[in-house]
Amino acid sequence: MRVVKTINALREEITAVKRKQQSIGFVPTMGYLHEGHMSLIEEARRQHDIVVLSIFVNPLQFGPNEDLERYPRDFVRDENIAKELGVDLLFYPDTKEMYPADPSMTIHVTEGVNVLCGKSRPGHFDGVTTVVMKLFMLVQPDQAYFGQKDAQQVAIITNMVDMFNIPVEVIPCPTVREEDGLAKSSRNVYLTDEERQEAPLIYQVLTQARSLIKEGELSPNEIVQFVKKELNSLQHAEMDYVELLTYPKLMPVTEKDKTILLAVAYTFKHARLIDNIIVSKGE
Ligand code: AMP
């Protein structure tokens with residue numbers, strides 16, 4: 001596995017790969033790798049000649065009062081995991097390399113951001129799309145792998161690829177969970193023991209709601225109320241949002257919509273957790 005920290009070195013590697021007409025699968029991450037990231041890497045490994053992994057904690061996607069400084073990092077551990085999973089090229093730039101100066105332009109997302117995390121984290125998806133666009137330009141992958149845990153991110157990046165005619169295929173991958181159902185997240189390490197004990201309730205309630213949505217007896221609003229009521233028993237977390245939307249358009253749900261996203265965000269003392277399910281009605 002080659003580790004490259006500069007854009008010049010990355011370009012050289014990519015040029016060599018392209019010359020050999022090898023296909024590239026790309027997994028962009030912020031590091032502190034867990035089984036969720038690993039599943040994306042494994043999928044890319046199955047599909048492509050060359051797997052490129054990036055690790056970059058992107059300041060542009062953090063708000064002023066968010067956890068940029070304390071976001072967990074462990075490069076040596078990540079490097080070993082990447083090596084074991086057969087990553088060919090690990091891109092690990094520092095902030096100066098990605099943003100030598102304050103960015104003079106960024107992508108501004110106007111659709112699909114007035115809901116969910118876009119609403120509670122203003123500017124977040126402008127930061128995400130800007131860095132992903134830069135990474136796509138540098139890595140020039142055939143396919144890029146993203147976790148469905150960040151469903152809004154998948155929807156917005158898919159839109160970006162369509163909007164700018166980027167020749168990259170976005171591959172959504174299923175959410176990987178702990179045995180008790182809690183979605184794997186780099187931020188789970190910040191849960192206290194008590195918080196960790198009650199956090200699996202989030203997915204339990206989403207699973208109950210899945211049945212209710214499929215049964216089709218309750219209105220969208222009643223489903224949302226059900227989830228809020230059940231999750232009200234979280235002692236250590238505050239609700240950020242519970243929303244039911246069409247997927248991937250992220251619009252209000254009507255009777256005839258078949259693919260529905262139920263997404264939640266809850267803030268614990270030092271970790272804001274998100275989770276979601278996508279329900280296909282009539283299957
Ligand atoms: P992050 O490092 O949190 O920016 O995540 C990098 C990629 O891993 C994103 O595409 C995430 O959606 C994905 N990811 C994070 N957690 C999980 C998970 N539990 N299951 C599947 N993919 C995940």
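A residue is called buried under 20% relative accessible area, exposed over 50% and partly exposed in between (1.4 Å probe, protein chains only). By this scale arginine 121, at 11% relative accessibility, counts as buried. The model is predicted: local features need pLDDT of at least 70, side-chain atom pairs count only at pLDDT 80 or more, and totals for chains, interfaces and linings use all residues. Residues are numbered from 1 along each chain as its sequence is written, and side-chain values use heavy atoms, with hydrogens and water left out.

The protein has ten helices and nine strands. Helices (H or I, at least four residues) and strands (E, at least two) are DSSP runs, numbered from the N terminus. The radius of gyration is 19 Å, close to the 19 Å that the globule rule gives for 283 residues, so the protein is as compact as a globular protein of that length. This radius is taken over C-alpha atoms, and the globule rule is 2.2 Å times the number of residues to the power 0.38. Along the principal axes, the C-alpha atoms fill a box of roughly 55 × 40 × 40 Å.

Of the 283 residues, 52% count as buried. The exposed surface comes to about 14,400 Å², with carbon and sulfur atoms supplying 49% of it. Areas come from the Shrake-Rupley method with a 1.4 Å probe; for residues, only the protein chains shown count as cover. Contact means heavy atoms within 4.5 Å. Among contacts between residues at least 6 apart in sequence, 72% join residues at least 24 apart.

Charges were then examined. The protein carries 31 positive and 41 negative charges, and their mean positions are 3 Å apart. Lys and Arg count as positive and Asp and Glu as negative; His and the chain ends are not counted. Each charge is placed at NZ of Lys, CZ of Arg, CG of Asp or CD of Glu.

Arginine 121 sits in the loop between helix H5 (116-120) and H6. Leaving aside neighbours within four places in sequence, arginine 121 contacts Gln61, Phe62, Glu66, Arg187 and Arg272. Lysine 83 belongs to helix H3 and is partly exposed at 47% relative accessibility. Its C-alpha lies 10.0 Å from that of valine 3, 80 residues away in sequence. Glutamate 42 is in helix H2 (residues 35-47) and is partly exposed, at 35%.

The structure holds five aromatic pairs. Rings of Phe, Tyr and Trp (its six-membered ring) pair if their centres lie within 6.5 Å; planes under 30 degrees apart are stacked, over 60 edge-to-face and the rest tilted. Phenylalanine 75 and tyrosine 92 are stacked, because their ring centres are 3.8 Å apart and their planes meet at 10°. Phenylalanine 75 lies in helix H3 (residues 75-84) and tyrosine 92 in the loop between strand E4 (89-91) and helix H4 (95-98), so the pair ties together parts 17 residues apart in sequence. Phenylalanine 75 is buried at 17%, whereas tyrosine 92 is partly exposed at 27%.

Phenylalanine 136 and phenylalanine 146 form an edge-to-face pair, 6.5 Å centre to centre with 70° between the planes. Phenylalanine 136 lies in helix H6 (residues 124-139) and phenylalanine 146 in strand E5 (residues 143-147), so this pair ties together parts ten residues apart in sequence. Phenylalanine 136 is buried at 3%; phenylalanine 146 is buried at 3%. Ring pairs link Phe26, Phe136 and Phe146 into a cluster.
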